[in-house]
Amino acid sequence: MSQTSKRQLRAAELVRHAVSAIFSRTSWRDERLAGRIITVTMVKMSPDLANAEVFIRPLQGTDMQDVARALNNNKSYVRRELAADLRQLRIVPQIRFTADDSFELAEKIQKMLRLTSDL
(Lines give C-alpha, C1' and ligand atoms only; values in the text may rest on other atoms or scores of the structure.)
Protein backbone atom coordinates (compact mmCIF):
# COMPACT_ATOMS: atom_id res chain seq x y z
CA MET A 1 0.00 0.00 0.00
CA SER A 2 1.44 3.36 -0.99
CA GLN A 3 1.84 6.28 1.36
CA THR A 4 -0.47 9.25 0.80
CA SER A 5 1.55 12.39 0.09
CA LYS A 6 0.99 15.79 1.66
CA ARG A 7 0.06 17.07 -1.78
CA GLN A 8 -2.69 14.42 -2.09
CA LEU A 9 -3.97 15.24 1.39
CA ARG A 10 -4.12 18.99 0.66
CA ALA A 11 -5.89 18.42 -2.65
CA ALA A 12 -8.33 15.99 -1.03
CA GLU A 13 -9.20 18.54 1.64
CA LEU A 14 -9.77 21.24 -0.99
CA VAL A 15 -12.06 18.91 -2.93
CA ARG A 16 -13.92 17.86 0.24
CA HIS A 17 -14.66 21.47 1.21
CA ALA A 18 -15.65 22.42 -2.35
CA VAL A 19 -18.00 19.43 -2.79
CA SER A 20 -19.58 20.13 0.61
CA ALA A 21 -20.20 23.73 -0.46
CA ILE A 22 -21.71 22.53 -3.74
CA PHE A 23 -24.04 20.18 -1.86
CA SER A 24 -25.17 22.93 0.50
CA ARG A 25 -26.07 25.41 -2.26
CA THR A 26 -27.57 23.03 -4.84
CA SER A 27 -31.28 22.39 -5.30
CA TRP A 28 -31.24 18.97 -6.89
CA ARG A 29 -33.69 18.10 -9.65
CA ASP A 30 -33.10 14.40 -9.09
CA GLU A 31 -35.82 13.23 -6.70
CA ARG A 32 -33.39 10.84 -4.99
CA LEU A 33 -31.31 13.86 -3.92
CA ALA A 34 -33.93 16.60 -3.52
CA GLY A 35 -34.15 17.84 0.06
CA ARG A 36 -31.34 15.56 1.23
CA ILE A 37 -28.56 16.67 3.54
CA ILE A 38 -25.43 14.89 2.39
CA THR A 39 -22.15 14.91 4.29
CA VAL A 40 -18.80 14.46 2.59
CA THR A 41 -16.90 12.34 5.10
CA MET A 42 -13.63 11.91 3.21
CA VAL A 43 -11.96 12.31 -0.18
CA LYS A 44 -9.16 10.08 -1.48
CA MET A 45 -7.05 11.47 -4.31
CA SER A 46 -5.00 9.48 -6.79
CA PRO A 47 -1.24 10.21 -6.77
CA ASP A 48 -1.54 12.25 -9.98
CA LEU A 49 -4.57 14.16 -8.57
CA ALA A 50 -6.59 13.22 -11.65
CA ASN A 51 -9.16 11.12 -9.76
CA ALA A 52 -11.03 11.71 -6.53
CA GLU A 53 -13.11 9.20 -4.63
CA VAL A 54 -15.65 11.15 -2.59
CA PHE A 55 -17.12 9.28 0.37
CA ILE A 56 -20.60 10.49 1.27
CA ARG A 57 -23.13 9.85 3.97
CA PRO A 58 -26.72 11.12 3.85
CA LEU A 59 -28.22 12.43 7.06
CA GLN A 60 -29.48 9.48 9.17
CA GLY A 61 -27.50 7.12 6.93
CA THR A 62 -30.56 5.92 5.01
CA ASP A 63 -30.45 4.79 1.36
CA MET A 64 -26.69 5.40 1.13
CA GLN A 65 -26.18 3.27 -1.97
CA ASP A 66 -29.11 4.89 -3.78
CA VAL A 67 -27.81 8.38 -2.95
CA ALA A 68 -24.31 7.43 -4.14
CA ARG A 69 -25.77 6.13 -7.43
CA ALA A 70 -27.79 9.33 -7.87
CA LEU A 71 -24.71 11.47 -7.24
CA ASN A 72 -22.70 9.42 -9.73
CA ASN A 73 -25.47 10.05 -12.27
CA ASN A 74 -25.08 13.80 -11.56
CA LYS A 75 -21.29 13.90 -11.29
CA SER A 76 -20.83 15.95 -14.47
CA TYR A 77 -22.77 18.79 -12.81
CA VAL A 78 -20.72 18.49 -9.62
CA ARG A 79 -17.48 18.44 -11.63
CA ARG A 80 -18.49 21.62 -13.53
CA GLU A 81 -19.22 23.36 -10.24
CA LEU A 82 -15.95 22.04 -8.86
CA ALA A 83 -14.07 23.54 -11.83
CA ALA A 84 -15.55 26.95 -11.01
CA ASP A 85 -14.71 26.64 -7.30
CA LEU A 86 -11.24 25.08 -7.43
CA ARG A 87 -8.78 27.48 -8.99
CA GLN A 88 -5.94 26.09 -6.82
CA LEU A 89 -5.72 22.82 -8.75
CA ARG A 90 -4.34 22.66 -12.28
CA ILE A 91 -6.79 20.01 -13.33
CA VAL A 92 -10.25 19.21 -12.03
CA PRO A 93 -10.26 15.57 -10.94
CA GLN A 94 -12.69 12.99 -12.24
CA ILE A 95 -14.94 12.20 -9.29
CA ARG A 96 -16.63 9.05 -8.10
CA PHE A 97 -19.05 9.00 -5.19
CA THR A 98 -18.97 6.10 -2.74
CA ALA A 99 -21.25 5.45 0.23
CA ASP A 100 -19.27 5.62 3.46
CA ASP A 101 -20.13 2.56 5.51
CA SER A 102 -17.27 2.97 7.97
CA PHE A 103 -19.68 3.93 10.78
CA GLU A 104 -21.55 0.63 10.45
CA LEU A 105 -18.28 -1.28 10.30
CA ALA A 106 -17.02 0.45 13.45
CA GLU A 107 -20.28 -0.38 15.22
CA LYS A 108 -19.97 -4.07 14.28
CA ILE A 109 -16.40 -4.16 15.58
CA GLN A 110 -17.45 -2.53 18.84
CA LYS A 111 -20.22 -5.10 19.30
CA MET A 112 -17.78 -7.92 18.67
CA LEU A 113 -15.30 -6.46 21.16
CA ARG A 114 -18.04 -6.13 23.77
CA LEU A 115 -19.05 -9.75 23.23
CA THR A 116 -15.48 -10.99 23.66
CA SER A 117 -14.93 -8.88 26.76
CA ASP A 118 -18.07 -10.37 28.36
CA LEU A 119 -16.67 -13.89 28.08
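Before anything else I noted my cut-offs: buried means under 20% relative accessible area, exposed over 50%, and partly exposed in between, with a 1.4 Å probe and protein chains only. By that scale Arg32 is partly exposed, at a relative accessible area of 26%.

I'm looking at a predicted model, where local features need pLDDT of at least 70, side-chain atom pairs count only at pLDDT 80 or more, and totals for chains, interfaces and linings use all residues. Residues are numbered from 1 along each chain as its sequence is written, and side-chain values use heavy atoms, with hydrogens and water left out.

I checked confidence next (pLDDT, the predictor's own, from 0 to 100 for each residue). The chain averages 89, and 96% of the residues score at least 70. Helix H4 (residues 102–118) is lowest with a mean of 76, while strand E3 (residues 94–99) is highest at 96. Helices (H or I, at least four residues) and strands (E, at least two) are DSSP runs, numbered from the N terminus.

Then I looked up salt bridges (a side-chain nitrogen of Lys or Arg within 4 Å of a carboxyl oxygen of Asp or Glu). I found seven.

Arg32 pairs with Asp66 at 4.0 Å, N to O. Arg32 sits in the loop between H1 and strand E1 (38–45) and Asp66 in helix H2, so the pair ties together parts 34 residues apart in sequence. Asp66 is partly exposed too, at 28%.

Glu53 and Arg96 meet at 2.9 Å, N to O. Their bridge links strand E2 (residues 51–58) to strand E3, 43 residues apart. I also noted a network of salt bridges with shared partners: Arg25, Glu81 and Asp85.
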